[in-house]
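The entries follow the order in which I looked things up.

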Amino acid sequence: GSVSSKTLDDYEEGTWTPIIKDGTTSGATLGISVTSAHYTKVGRMCTITAYIGRSDATALTQNMIITNLPFTQDGGPQTGGVIWVDNFSVDQLGMCYANNGTVLYFRSFSNTNAYILTNQFENGRALYFSRTYETT
């Protein structure tokens with residue numbers, strides 16, 4: 001039969017270009033340098049990874065979000081994945097969270113019910129993350 005995009009026969013890998021925004025998809029864009037950003041998609045499951053450096057000192061303070069995912073996430077909340085933000089004073093660890101198909105948020109492990117903020121990702125520092133999600 002024909003290969004469907006929802007079978008295990010559907011395999012794809014490549015690179016993608018993460019974009020970090022301040023608070024919302026229309027918020028200010030954070031200056032970054034992407035060292036690596038890869039994805040692997042098998043059937044409807046997509047695993048993304050990224051190693052990103054901050055390359056500007058803009059004073060942004062809202063929730064840090066990542067847009068421009070390689071594939072749209074299936075509807076509804078999804079969790080899973082982990083992020084580490086290298087911060088001079090306090091490193092931030094968190095879980096990747098999405099409440100729609102196109103944006104990732106990062107919940108902080110160090111603060112109850114808090115998100116990682118753009119100002120916690122300092123200029124000249126790095127962040128690493130990995131996440132697996134179900135695509136549409």
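**Entry 1: R44 and D74.** I worked from a predicted model. I first looked up R44 and found that R44 makes a salt bridge with D74, with 2.9 Å between the closest N and O atoms. I then placed the two partners along the chain. R44 sits in the loop between β3 (32–42) and β4 (45–54), whereas D74 sits in the loop between β5 (64–67) and β6 (78–85). I noted that the pair links distant parts of the chain, 30 residues apart.

R44 has a relative accessibility of 24% and counts as partly exposed. D74, with a relative accessible area of 26%, is partly exposed.

**Entry 2: R44 and E134.** I returned to R44 and recorded a salt bridge with E134, where the closest N and O atoms are 3.3 Å apart. E134 belongs to strand β9 (residues 126–134) and R44 to the loop between β3 and β4, so this pair ties together parts that are 90 residues apart in sequence. E134 counts as partly exposed at 31% relative accessibility.

**Entry 3: D86 and R125.** I next examined D86, whose side chain meets that of R125 in a salt bridge (3.0 Å, N to O). D86 lies in the loop between β6 and β7 (92–98), and R125 in the loop between β8 (104–108) and β9. The two residues are 39 residues apart, and I noted that they link distant parts of the chain.

Is D86 buried or exposed? I recorded D86 as buried because its relative accessibility is 18% and the cut-off for buried is under 20%. R125 has a relative accessible area of 25% and is partly exposed.

**Entry 4: Count.** I recorded a count of 5 salt bridges.

**Entry 5: Strand β8.** Of the 5 residues in β8, 4 are buried, and I noted the strand as mostly covered. β8 pairs with β5 in the antiparallel sense over 2 bridges, and I found I66 opposite L104 of β8. β8 also pairs with β7, in the antiparallel sense and over 4 bridges. I looked up M95 and found that its bridge partner in β8 is R107.

Terms used:
Residues numbered from 1 in each chain as written. Predicted model: local features only at pLDDT ≥ 70, side-chain atom pairs only at ≥ 80, totals over all residues. Heavy atoms only, no water. Salt bridge = Lys/Arg side-chain N within 4 Å of Asp/Glu carboxyl O. Buried < 20%, exposed > 50% of the residue type's maximum accessible area, 1.4 Å probe, protein only. Pairing = 2+ DSSP bridges.
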